[in-house]
Amino acid sequence: MKQAGELLKNAGYVEEGYINGMLEREKLVSTYLDHNIAIPHGEAEVKEKVKKTGIVVLQYPQGIDYGDGNTVKFLIGIAGKGNEHIDVIAKLAGILDDEAEAEKLVNSSDADYVYNCLK
């Protein structure tokens with residue numbers, strides 16, 4: 001998750017303090033969704049650290065331990081200006097409704113496919 005925060009910062013989406021907000025939010029409630037997907041994002045207290053809305057995608061083909069017995073293979077770090085992160089989460093919810101589609105997204109090595117699913 002810290003890696004996702006660093007990528008968001010390096011891409012100009014967030015300021016440094018946002019990363020700590022992502023870590024603090026995870027302590028309160030896991031951002032693990034289902035189907036090996038997690039969507040870490042900052043807590044409300046660090047909203048002012050978001051410069052512009054953006055996402056970063058990290059894939060872990062072997063999976064990483066995300067706590068509570070969950071394994072993550074597909075991690076989407078989210079920075080949402082205002083409430084724009086809700087659009088990204090809603091899009092993912094639609095994908096997760098279809099287990100086959102979620103599996104295809106998690107295991108895809110086609111950057112264009114992933115981009116088109118998430119835009």
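**Note on the predicted model: the Leu96–His35 region and the overall fold**

1. Leu96 makes contacts with Leu33, Asp34, His35, Ile37 and Ala102, when its neighbours within four places in sequence are set aside. The model under review is a predicted one. Leu96 belongs to helix 3, which covers residues 85-96. With a relative accessible area of 15%, Leu96 falls under the 20% limit and therefore counts as buried.

2. A further point on Leu96 concerns its distance from Gly80. The two residues are separated by 16 positions in sequence, and their C-alpha atoms lie 20 Å apart in space.

3. The contact between Leu96 and His35 can also be read from the side of His35. Beyond its neighbours within four places in sequence, His35 touches Leu96, Glu99, Ala102 and Val106. Ala102 is also in contact with Leu96. His35 sits in the loop that joins strand 1 (32-34) to strand 2 (37-38). Is His35 buried or exposed? Its relative accessible area is 15%, so His35 is classed as buried.

4. Most residues other than glycine have a negative phi. His35, which is not a glycine, has a positive phi near 55°. Asn36 is likewise not a glycine, and its phi is positive at about 70°. Asn36 is placed in the loop between strand 1 and strand 2, where His35 is also found.

5. As to the fold, the chain contains five helices and four strands. Read from the N terminus, the order of elements is α-α-β-β-β-β-α-α-α. Of the contacts with a separation of 6 or more, 59% are between residues 24 or more positions apart.

6. Which residues touch the most other members of the largest nonpolar core? They are Leu8, Val14, Tyr18, Leu75 and Ala79, in a core of 17 residues. At least two residues of this core come from each of helix 1 (2-10), helix 2 (17-28), strand 3 (54-65) and strand 4 (71-79). Apart from this core lies another, of 16 residues, including Val88, Ile95, Tyr113 and Leu118.

7. Tyr18 deserves a separate entry. Not counting residues up to four places away in sequence, Tyr18 touches Leu8, His41, Gly42, Val46, Lys49, Val50, Ile78, Ala79 and Gly80. Two of these partners, Leu8 and Ala79, are listed with Tyr18 among the core residues that touch the most other members.

8. The C-alpha trace spans about 35 × 30 × 25 Å along its principal axes. Of the 119 residues, 41% count as buried.

9. Finally, the surface and the charges. The accessible surface of the chain is about 6500 Å², and carbon and sulfur atoms contribute 47% of that area.

Conventions:
Residues are numbered from 1 along each chain as its sequence is written. This is a predicted model: local features need pLDDT of at least 70, side-chain atom pairs count only at pLDDT 80 or more; totals for chains, interfaces and linings use all residues. Side-chain values use heavy atoms; hydrogens and water are left out. Buried means under 20% relative accessible area, exposed over 50%, partly exposed in between (1.4 Å probe, protein chains only). Contact means heavy atoms within 4.5 Å. Accessible areas come from the Shrake-Rupley method with a 1.4 Å probe; for residues, only the protein chains shown count as cover. A nonpolar core is a set of buried Ala, Val, Leu, Ile, Met, Phe, Trp, Tyr and Cys residues joined through side-chain atoms within 4.5 Å.
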